[in-house]
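Reader: I would like to learn how to read a few features in a structure. Can we go through them one at a time?

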Amino acid sequence: MSFADFISLGPLITLFTAVVISMLLIAIKRNHRITYAFSLLAYLMALTAIIPAMLYIPHTVPPLLVVDEFSLFNTGLVLAAGFIILLLSYNYFEEREERKEEYYLLLPLATTGALVLVVSRHFMSLFLGLEILSISLYGLIAYLRARERSDEAGIKYLILAALSSAFLLFGMALVYAFTGHMDFPGIGAALRQAGYIPVTVLAGFGMMLIGIGFKLGIVPFHMWAPDIYEGAPLPVAAFIATISKGGMLVVLIRFYLDIHGNDYTMIWWMLAIIAVASMFVGNWLALMQQNIKRILAYSSIAHMGYILVAFLSGVQTGLEAISFYLVAYFITSIGAFGVLIVMSSSIQDAETLHDYSGMFWRYPWVATVFTAMLLSLAGIPLTAGFIGKFYIVMAGVNGHMWFLLFMLVINSVIGLYYYIRIIAMMFKTPATGEELTYIKPSLPVAGNITLMLLTLVLIGLGVYPTAMMQLIQQMMKIIV
Amino acid sequence: MILLLLILIPLVGGLLSWIAASRSALWSRCIALGCLLINLVIVFQIWATKPAAGGKWLYQFKAAWVPHFGISLNLAMDGLSLLMLVLTFFLGALSVLISWKEINYRVGFFHFNLLFALTGITGVFLTMDLFLFYFFWEMMLIPMYFLIGIWGHANREYAANKFFIFTQAGGLLMLLAILALYFIHGANTGVYTYDYFALLHTPMQQETARWLMLGFLTAFLVKLPAVPFHTWLPDAHTEAPTAGSVVLAGLLLKTGAYGILRLVLPLFPEASLHFAPWIMLLGVLGIIYGGMLAYAQTDLKRLIAYTSVSHMGFVLVGAFSFNPLAYEGVVMQMIAHGISTGALFIIAGALYERIHTRNIQEMGGLWSKVPVMGSAAMIFVMGSLGLPGLGNFVAEFLILLGSWQANRWITVFAAIGLVVATAYSLRIMQKVFFGPSHGQHVLPDLNKRELVIIVALVMAILLLGLYPQPVLNTTQKTDYVVR
């Protein structure tokens with residue numbers, strides 16, 4: 001391993017080392033506060049490690065890994081998201097769990113898995129990253145053992161994720177059997193040479209899509225999402241919604257570009273059908289829910305559908321749109337889960353619609369944040385979500401995807417309804433004389449400050465998106 | 001710079017008003033009123049001094065916003081925007097005044113929403129950048145949603161959701177059309193921009209232009225509202241608090257009409273000509289159908305809401321007759337309708353405050369008890385049915401005169417709408433103020449604050465009717481509308 005390799009993979013290595021050190025720390029002395037502080041520090045150091053890595057880009061670690069602008073940007077995004085989720089976790093676990101230190105092993109480990117995904121360009125590294133991510137998640141999802149839904153969610157995820165990994169492996173094997181390559185560019189070249197996709201490879205891609213689709217939570221591989229979101233601890237749910245999906249999406253983009261996916265109509269159609277189905281199923285089922293965690297789960301299925309529209313547009317703008325949308329979506333999702341975390345008490349999570357009834361008049365500040373997050377998810381101006389959706393629609397118009405765009409418009413309107421319903425719930429004035437039992441939220445200070453920062457970034461990106469757009473445009477240089 | 005100020009004052013004022021409410025509701029109301037009055041003075045000042053100078057664009061302001069996409073903070077004001085802004089701030093200030101007693105909880109948040117909605121409306125009237133237009137267009141929806149949803153009457157959530165989803169659906173189609181226009185322009189000229197003036201001369205195939213025009217038009221027809229898209233309006237109007245109804249009827253509907261004049265006609269002249277007969281037909285349908293539905297209502301606010309559908313039909317007929325006379329009429333109608341319908345809603349609100357019902361079957365014989373209110377209502381009802389001497393007459397007369405040259409049969413049917421208007425207008429007066437008295441209401445007449453509001457509105461509608469020349473002059477100056 002050369003020096004350049006070492007520096008380029010700096011963020012990854014830093015975080016990995018930190019996990020080992022914090023394991024030793026726990027072995028010496030169990031102390032929640034110290035472990036927490038150390039993990040925060042680790043994330044910060046990993047974030048700073050991106051700066052020296054920028055000197056060497058573009059850099060490849062053949063044949064497994066690639067570090068270019070695109071992967072560094074997403075590395076930063078994943079690390080920042082992980083950092084924020086960590087910030088929100090402290091109080092949540094302090095109140096609930098006796099042995100909370102192991103959480104700080106699993107979360108950075110899962111993040112590392114996502115980081116491997118972000119830089120991988122080979123089946124081996126893809127699978128490694130995926131498994132590091134998944135196996136840490138099994139533990140994370142079932143972390144609150146005492147809760148009734150926690151075990152169920154953990155086991156469900158374990159079985160389904162193992163199944164999907166098996167499909168992924170089989171798919172990879174089929175692709176390898178025909179093309180003789182496991183690195184993405186090699187596969188792309190082999191396919192181009194053949195000039196068509198043979199049935200075996202197509203079947204391989206189909207099976208890989210099952211594995212990838214499971215992680216992304218797109219229809220028809222979405223069944224796990226609502227149950228896991230409901231059963232997992234809230235910070236973990238935020239992690240699954242953002243980092244786990246984001247990491248997978250980055251690999252998918254890289255793979256699709258490397259094999260020149262747009263040249264093969266079959267693959268395009270497969271993804272297009274999945275996109276439309278995700279939008280409709282996600283939004284439609286979200287309409288039926290009374291539980292906010294489940295609403296967020298279904299809405300994230302729909303959001304993946306929106307992202308696929310930009311993905312399928314096949315133009316440069318589409319890639320930029322995905323990156324911008326991911327940033328907006330990360331902020332918004334973490335913010336929304338952050339509100340849930342802040343509003344939950346040590347006894348129960350604030351998750352039903354009823355818990356939020358009239359919240360604006362009791363906790364105006366948190367309600368305002370939640371409103372901003374929901375409006376961003378719905379894509380209403382002055383929020384980052386609006387610019388993100390605008391960007392996606394723009395990519396779609398640029399690529400002449402009229403049908404997909406109409407589907408997107410219809411779904412935006414459906415989506416609007418359930419977001420608005422939550423907002424209306426918060427602004428409902430309680431009827432006089434009606435005595436309601438509300439959850440007494442913990443309202444931790446750190447959580448509130450994090451939410452404030454997230455809201456500021458959200459509105460900042462909504463009002464002045466130029467800086468972020470320029471950054472994204474610059475970093476859209478992918479090694480093909 | 002002054003244009004930016006016109007947008008910023010209500011925005012900042014809204015925030016201040018929200019903050020001030022924690023101290024005292026009175027301060028909150030005063031700040032809101034003050035901001036709108038300042039703006040009103042500014043636009044009056046411009047109106048008084050500038051038209052004499054002539055020229056198409058009174059003010060322009062341009063600053064980069066998202067240069068990456070060719071989006072700029074591009075504001076400009078011509079006669080049409082000026083008149084609309086005068087109306088906006090006039091009705092805005094009155095809305096604050098009428099909610100003085102009606103709104104007594106969450107006062108700060110109410111004023112924040114009201115001013116925020118007005119900011120969006122102001123933005124729509126001033127912006128010359130299509131992205132920004134969409135931005136402001138969407139921006140006014142959320143506060144309007146809250147105004148209806150929080151301070152509205154019994155069925156408020158249903159009405160608010162319906163309003164929001166209808167307008168949002170229309171808006172998204174407009175977004176698609178805007179983006180398509182952007183890319184077509186970019187592909188043809190190599191310059192990617194949302195600048196209105198640049199997009200005006202986008203060469204494109206007629207087929208494409210027609211589709212894009214329909215995208216824009218849907219958004220505006222929903223807002224206007226034209227007949228198949230009108231169902232959100234009665235619900236929203238009925239459930240909204242009085243100030244909300246006034247802003248909805250007086251201003252929000254006008255953004256639809258403004259959009260047609262400013263965007264649809266200039267951007268797609270040939271496509272507009274192609275669809276003109278059909279759209280005029282929609283307008284006539286709205287006039288007659290809206291009028292007939294109005295006649296059938298028993299809920300006073302709902303009745304007035306349907307008259308709006310009827311009156312906005314005239315706007316549609318006038319806008320698509322491609323004729324300077326009709327355009328003057330359209331602008332006149334936008335203003336006169338804003339004032340007369342706004343006033344009727346205020347009177348309905350005042351009545352509701354006193355007798356707690358909006359059902360006109362339960363009213364009757366109120367004239368003897370509240371003569372001042374009655375005579376005020378008389379004036380506006382007469383305005384609504386188009387009696388000469390009041391603003392609406394001038395407007396409808398000009399529209400019919402103009403559309404006669406465009407399409408005779410349409411005009412004939414539109415004129416029949418005037419008869420329908422007479423029927424429902426007289427029914428309001430008969431049922432509410434004359435006839436046998438049902439309840440034993442003891443009710444006070446208009447108080448001083450209400451009197452100020454009503455007198456201001458009466459003066460405005462009379463001025464429009466008796467001396468419409470200043471408005472017409474300003475409209476004529478903006479020949480940009482008519483191409």
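**Burial, salt bridges and the interface**

Author: Start with burial. Ala49(A) is buried, with a relative accessible area of 12%. The model is predicted.

Reader: Where is Ala49(A) found in chain A?

Author: Ala49(A) sits in the loop between α3 (32-48) and α4 (50-53) of chain A.

Reader: Which residues does Ala49(A) touch, leaving out those up to four places away in sequence?

Author: Gly10(A), Pro11(A) and Thr14(A). Ser8(A) is 41 residues from Ala49(A) along the chain, and their C-alpha atoms are separated by 8.6 Å.

Reader: Next, salt bridges. What is the general idea?

Author: Side chains of opposite charge can pair when their charged atoms come close. Here the count comes to 15 salt bridges over all chains. Take Asp227(A) and Lys156(A): their closest N and O atoms are 2.4 Å apart. Asp227(A) is in helix α11 (residues 224-231) and Lys156(A) in helix α8 (residues 148-179) of chain A, so the pair links distant parts of the chain, 71 residues apart.

Reader: How accessible is Lys156(A)?

Author: Lys156(A) counts as partly exposed because its relative accessibility is 29%.

Reader: What does the pair of Arg192(A) and Asp263(A) tie together?

Author: The two side chains meet in a salt bridge at 2.8 Å, N to O. Arg192(A) lies in helix α9 (residues 184-194) of chain A, and Asp263(A) in the loop between α12 (234-258) and α13 (265-287), so the pair ties together parts that are 71 residues apart in sequence. Arg192(A) is partly exposed, at 49% relative accessibility.

Reader: And in chain B, are Asp235(B) and Lys162(B) buried or exposed?

Author: Both are buried. Their side chains meet in a salt bridge, 2.9 Å from N to O. Asp235(B) is in helix α10 (residues 232-239) and Lys162(B) in helix α7 (residues 156-189) of chain B, 73 residues apart.

Reader: Now the interface. How much do chain A and chain B bury between them?

Author: About 3,400 Å², with 83% of it on carbon and sulfur atoms. On the chain A side, Trp361(A), Phe390(A) and Met394(A) lose the most area to chain B, together 16% of what that side buries.

Reader: Which element gives the most to the side of chain A that touches chain B?

Author: α19(A), with 12 residues. The residues of that side divide into 29 nonpolar, eight polar and two charged.

Conventions: Residues numbered from 1 in each chain as written. Chains lettered and ligands numbered in written order. Predicted model: local features only at pLDDT ≥ 70, side-chain atom pairs only at ≥ 80, totals over all residues. Heavy atoms only, no water. Buried area = accessible area lost by both parts, 1.4 Å probe. Helix = DSSP H or I, 4+ residues; strand = E, 2+ residues; numbered from the N terminus. Nonpolar A, V, L, I, M, F, W, Y, C, P; charged D, E, K, R; others polar. Buried < 20%, exposed > 50% of the residue type's maximum accessible area, 1.4 Å probe, protein only. Contact = heavy atoms within 4.5 Å. Salt bridge = Lys/Arg side-chain N within 4 Å of Asp/Glu carboxyl O.
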